[in-house]
Amino acid sequence: MDVCLIFACNFALFFPPLLRNDIQLLNLVGHIGLLTVCVLVFQLIFKTYNSLWRYAESREYFVLLMGMSLGFLLYTVLNLILDTNRIWITQALTGTSLALLCILAVRFLYRIYRLKVAGRGAEGRSHTAIIGAGALGVSLLGELVSNPRGRYLPYCLLDDAPDKIGKRVHGVPIRGPIDRLGELLQDTPVTELILAIPNLPAERQTEILRQCAATNCRLHILEDPVTQLGREGASLTASMREVQIEDLLGRKPVQLDNSRIREFLAGKTVLVTGGGGSIGSELCRQIAGYGPKRLVIVDIAENTTYGLQNDLVHLYGPEFPLSVEIASVRDSKKMDQIFARYRPQVVFHAAAHKHVPLMENCPEEAVKNNVFGTYHTASAARKYGAEKFVLISTDKAVNPTNIMGATKYLCEQVIQGLRGGKTAFSAVRFGNVLGSDGSVIPLFKKQIAYGGPVTITDKRIIRYFMTIPEAVQLVLEAGSFARSGEVYVLDMGEPVHILDLAEKLIRLSGFTPYVDIDIQEVGLRPGEKLYEELLTASAGLRRTENEKIFVEEKADVEESEMKGWLEELAAAAERGGREEIFRELRSLVPTFRSPEEVNREAIRAVREGQANQLEDLASVQRV
């Protein structure tokens with residue numbers, strides 16, 4: 001088409017002289033052909049026709065102009081060398097300029113055709129506001145504008161910069177400031193929001209997400225923008241993700257001392273029990289990155305463990321020193337064999353039954369797996385000279401109101417009773433982990449996808465939250481600190497209302513709570529209390545080298561005493577009587593109380609004004 005346009009425009013300019021017989025047709029065709037060939041040579045050199053013109057920007061048009069200019073320059077030089085009439089050069093300059101305008105017009109018409117005719121217009125597309133008119137937001141806008149068949153129809157950009165507000169990019173207006181987001185989008189067709197501001201401070205992001213939640217628009221966040229922009233032909237829309245509940249926690253992710261962890265793990269044999277679970281698998285992934293001599297994964301769940309094994313081989317190659325043992329921590333002989341074979345120097349004990357209501361119905365299983373599984377693993381670690389043993393504990397072990405919490409309390413007591421040898425025992429205690437198997441957030445998302453209702457146990461319930469990577473980093477660094485018998489606790493920020501969490505997640509999914517998707521209160525589950533604690537009231541705390549980690553020193557437990565109550569507990573578990581197990585646990589755990597009693601006290605305290613909110617009851621135990 002370019003060849004035809006160059007030929008046609010120049011022929012039209014030379015047509016009057018041709019009619020007057022001032023020039024010969026053969027000469028005219030020869031000169032126009034030479035000009036066309038000269039221009040075409042430089043366009044091919046610059047690879048002009050390798051560009052996708054539907055995505056063309058200033059660079060592509062500049063290259064086109066350069067090709068035309070250098071092609072005409074070559075034509076001029078050849079004419080000067082051949083000493084032809086100057087009229088050919090002056091007329092060719094006009095013809096080439098006219099051809100350039102026609103060539104640009106064809107390309108612009110093609111883009112308009114794609115946008116208006118080939119596209120589907122606004123029908124079936126969602127009007128979208130992009131938060132952030134910086135380089136990333138403008139790049140995303142360009143991608144959306146150039147994709148007329150895409151899902152998103154750009155409506156406006158939102159930004160805080162005064163010099164941008166009121167301007168337009170690709171014909172799309174920039175509005176602001178972002179703090180007026182709700183007002184600016186009121187009475188507009190916008191149903192989708194895309195947050196496209198990289199390296200946004202956690203506090204500012206939380207504030208923007210709060211404003212987005214008030215609009216009932218569906219929110220997306222552009223993830224890993226630097227990585228995406230650095231890849232040739234990468235799609236920014238493909239890198240968008242739905243809002244995650246950790247985006248609403250209102251605090252920066254905890255960053256720990258990686259150099260200390262590397263020194264702790266590099267070149268050592270590390271064993272992880274429960275390696276196929278949420279925490280255990282992330283432990284294995286992070287440990288693998290620190291160069292252990294060997295990583296040993298122990299789990300009874302073969303499917304999840306097999307998946308983890310494949311992931312590690314894919315990430316680190318088939319030569320990575322990995323061993324997988326399908327075994328139960330309940331089996332003392334098997335654990336002894338595993339420890340005798342690998343002689344691990346560092347042990348992370350993550351294997352446990354953690355589901356509160358299920359363990360209320362099957363207390364004997366919680367006792368066998370949690371208490372005796374910990375005892376068998378810790379005993380083998382001590383017998384075969386492990387340097388460190390780190391128990392994964394839970395906030396539910398503090399003043400427990402359920403079987404799971406009571407058994408985890410006893411797990412902490414077990415490692416106190418095994419102190420005194422070469423092995424340094426410690427425990428790491430943290431709250432709810434976002435995204436873990438059985439956690440509330442995946443359940444909420446699934447219920448929203450089904451169209452509701454979203455179910456919560458009690459509208460007053462509050463919890464502490466952290467991400468799986470944060471929890472694992474805490475476990476790893478606490479292991480490097482451990483000397484013997486300490487319980488490490490992470491400062492997890494302020495507690496979160498589960499009801500607020502559910503409402504925000506519904507709004508940021510583009511729905512209105514109680515209108516589009518209902519929230520139903522189904523009552524507390526067996527063993528559940530309204531708030532969780534991280535530290536006992538009498539705990540003697542001290543800060544570690546990391547300001548986010550605190551340590552609780554616990555009193556020693558006589559090993560003979562521990563073995564005595566283990567025998568009694570084993571007998572009760574073997575008989576399988578639920579009431580007998582409950583009685584035995586209450587006698588062994590002084591702070592074990594019924595959830596009904598604890599919840600009644602919490603509600604009474606709120607009603608009587610002793611605490612303004614349930615957060616006060618939970619935060620009493622915080623530093």
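## Glu387 and its partner

Glu387 is partly exposed in this predicted model, with a relative accessible area of 31%. Its side chain forms a salt bridge with Lys268, and the closest N and O atoms of the pair are 3.2 Å apart. Glu387 sits in the loop between H14 and strand S12 (388-392), while Lys268 sits in the loop between helix H9 (258-265) and strand S8 (269-273), so this contact ties together parts that are 119 residues apart in sequence.

## Other salt bridges

Side chains of opposite charge can pair when their charged atoms come close. Across the model, the count comes to 19 salt bridges. One of them joins Arg575 and Glu580, with the closest N and O atoms 2.2 Å apart. Arg575 is exposed at 56% relative accessibility, whereas Glu580 is partly exposed, with a relative accessible area of 23%. Elsewhere, salt bridges that share partners link Asp160, Asp179 and Arg204 into one network.

A further pair lies within a helix. Lys563 and Glu559 meet in a salt bridge at 3.4 Å, N to O. Both belong to helix H19 (residues 559-575), and because they are four residues apart there, about one helical turn separates them. Lys563 is partly exposed at 37% relative accessibility, and Glu559 is partly exposed at 22%.

## Helix H14 and what surrounds it

Helix H14 (residues 363-383) has helix H15 (residues 403-417) as a neighbour: their axes come within 9 Å and cross at roughly 20°. The two helices are therefore roughly parallel to each other, since angles under 35 degrees count that way. Their crossing is right-handed.

To look at one of its spatial relations, find His349: the C-alpha atoms of Thr374 and His349 are separated by 7.3 Å, and the two residues are 25 apart along the chain.

Which residues make the nonpolar surface patch of about 600 Å²? The patch is made by Val37, Val41, Ile45, Phe46, Phe62, Leu65 and Met66. Two helices, H2 (25-45) and H3 (58-82), each supply at least two residues of this patch.

## Cis peptide bonds

Most residues other than glycine have a negative phi, and most peptide bonds are trans. Against that background, a few places deserve a look. A cis peptide bond joins Gly176 and Pro177, with omega about 0°. Pro177 is found in the loop between strand S4 (172-175) and helix H6 (181-185).

Another cis peptide bond, also with omega about 0°, joins Gly452 and Pro453. Pro453 is in the loop between H16 and S15. Gly451 lies in that loop too, between helix H16 (440-449) and strand S15 (454-456). With a relative accessible area of 41%, Gly451 is partly exposed. Gly451 and Phe511 are 60 residues apart in sequence, and their C-alpha atoms are 9.6 Å apart in space.

## Positive phi angles

Where is Arg343, which has a positive phi of about 50° although it is not a glycine? Arg343 is in the loop between helix H12 (332-342) and strand S11 (346-349). At 48% relative accessibility, Arg343 counts as partly exposed.

Tyr514 is likewise not a glycine, and its phi is positive at about 70°. Tyr514 is placed in the loop between helix H18 (498-508) and strand S20 (519-521). Its relative accessible area is 38%, which means that Tyr514 is partly exposed.

How values were computed: Residues are numbered from 1 along each chain as its sequence is written. This is a predicted model: local features need pLDDT of at least 70, side-chain atom pairs count only at pLDDT 80 or more; totals for chains, interfaces and linings use all residues. Side-chain values use heavy atoms; hydrogens and water are left out. Patches are made of residues with over 30% relative accessible area and no salt bridge: like charges are joined within 9 Å, nonpolar side chains (Val, Leu, Ile, Met, Phe, Trp, Tyr) within 5 Å. Accessible areas come from the Shrake-Rupley method with a 1.4 Å probe; for residues, only the protein chains shown count as cover. A salt bridge is a side-chain nitrogen of Lys or Arg within 4 Å of a carboxyl oxygen of Asp or Glu. Axes are lines fitted to C-alpha atoms, for helices over the stretch in contact, and angles run from 0 to 180 degrees between N-to-C directions. Angles under 35 degrees count as roughly parallel, over 145 as roughly antiparallel, 65 to 115 as roughly perpendicular and the rest as oblique. A crossing is left-handed if the near helix is turned anticlockwise from the far one by less than a right angle, and right-handed if clockwise. Buried means under 20% relative accessible area, exposed over 50%, partly exposed in between (1.4 Å probe, protein chains only).
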